[in-house]
Amino acid sequence: MTELADQTVDFAHYLTVEQGLAKNSVTSYTQELHNFAAYLTEQQVMSFLQVDRLNVMNYLSALTTSGKSRNSVIHAVSALRKFYRYLVQTHQLTVNPMANIAAPKHAEHLPAVLTVAEVDRLLAAPDTSTKYGLRDRAILEVMYATGLRVSELVHLKLADLHLEMGLIQTLGKGDKERIIPIGDVATDWINRYLAHSRAVLLKQRTSPYLFLNAHGGGLSRQAIWQKIKHYVALADIQKDVTPHTLRHSFATHILENGADLRVVQELLGHADITTTQIYTHISKKRLVSVYDQYHPRA
């Protein structure tokens with residue numbers, strides 16, 4: 001067994017016994033070391049202890065050149081950092097070659113956002129002549145009108161409605177209560193649902209929840225997800241739409257129409273405004289798209 005292999009086995013033992021990591025995590029870290037060892041062997045470096053910063057930089061460059069994703073490179077950096085920290089802690093090294101190696105940033109994945117026209121098609125998809133379709137139209141209208149998380153929607157109670165004032169209240173993350181305006185259109189669909197559908201679904205039972213399933217109980221998050229997928233297909237929307245997409249669309253559309261970022265933060269229930277700022281990136285991206293599409297000299 002080579003010195004590189006010996007050092008990898010020792011590290012795996014350390015992760016398992018000293019760190020108490022799960023088997024999958026140990027396997028993941030040691031696989032990264034095997035990959036690095038293979039590279040070092042090609043470079044005629046026969047020990048991890050001989051590695052310097054240039055070796056590491058060249059290796060990461062080779063990963064990128066070979067087509068590895070940014071997340072793969074990030075994982076390799078994480079594994080090597082952990083390994084060389086171990087070598088320093090166990091006094092096998094005094095200088096850590098990973099000390100000044102910065103991992104690439106995770107790729108920013110902007111959430112999917114529907115256009116206003118796509119939202120209109122989605123909201124119009126349920127058959128409101130049926131009790132379920134009327135309920136589902138009210139659900140979609142409320143989600144788009146308020147930006148509620150799906151977990152907040154399924155826990156929405158009759159007592160949370162203050163429709164005469166155009167408001168609803170909800171408990172968000174960390175049991176933080178917030179009051180959210182709800183427009184006339186969504187209010188109208190809630191009232192239609194209350195008048196013509198909810199009592200039928202309730203079947204002479206009682207329930208505090210606003211939106212009910214076929215058995216008169218509260219809806220699950222999974223049920224909402226399935227319904228949205230169904231209506232997205234009916235509306236022929238060619239995007240990966242989830243319940244959170246309506247929340248993203250709500251935030252993006254009101255920002256595009258001039259809302260202040262702090263107001264959007266309050267409406268969404270974000271503890272930190274940096275979480276809300278992702279919607280400014282979306283708006284700028286859409287702004288460029290609109291410009292490219294409509295400006296005669298774009």
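Which domains does the domain assignment of the protein give? It gives domain 1 (3-90) and domain 2 (116-294). The model is predicted.

**View 1. Domain 1 and domain 2 in the chain.** The centres of the two domains, taken over C-alpha atoms, are separated by 46 Å. UniProt, in an unreviewed entry, places the feature "domain: Core-binding (CB)" at residues 2-88.

**View 2. Helix α2 (residues 23-42) crosses helix α4 (residues 70-89).** Their axes come within 9 Å. The crossing angle is roughly 95 degrees. Angles of 65 to 115 degrees count as roughly perpendicular, so α2 is roughly perpendicular to α4. From α2, the contact uses Ser 28, Tyr 29, Glu 32, Leu 33 and Phe 36. Their partners in α4 include His 75, Ala 79, Lys 82, Phe 83 and Tyr 84. By class, this contact has 8 nonpolar, 4 polar and 2 charged residues.

**View 3. Helix α11 (residues 243-256) packs with helix α12 (residues 261-268).** The angle is about 155 degrees, and the axes lie 10 Å apart. Angles over 145 degrees count as roughly antiparallel, so α11 is roughly antiparallel to α12. The crossing of these helices is right-handed.

**View 4. Side by side: the residues where α11 and α12 meet.** From α11 come Arg 247, Phe 250, Ala 251, Ile 254 and Leu 255. They meet Leu 261, Val 264, Leu 267 and Leu 268 in α12. By class, the contact has 8 nonpolar, no polar and 1 charged residues.

Key:
Residues are numbered from 1 along each chain as its sequence is written. This is a predicted model: local features need pLDDT of at least 70, side-chain atom pairs count only at pLDDT 80 or more; totals for chains, interfaces and linings use all residues. Side-chain values use heavy atoms; hydrogens and water are left out. Axes are lines fitted to C-alpha atoms, for helices over the stretch in contact, and angles run from 0 to 180 degrees between N-to-C directions. Helices (H or I, at least four residues) and strands (E, at least two) are DSSP runs, numbered from the N terminus. Angles under 35 degrees count as roughly parallel, over 145 as roughly antiparallel, 65 to 115 as roughly perpendicular and the rest as oblique. A crossing is left-handed if the near helix is turned anticlockwise from the far one by less than a right angle, and right-handed if clockwise. Contact means heavy atoms within 4.5 Å. Ala, Val, Leu, Ile, Met, Phe, Trp, Tyr, Cys and Pro count as nonpolar, Asp, Glu, Lys and Arg as charged, and the others, Gly among them, as polar. Domain bounds come from an automatic or database domain assignment. UniProt positions are given in the numbering used here, feature names are shortened, and annotations may be inferred rather than shown by experiment.
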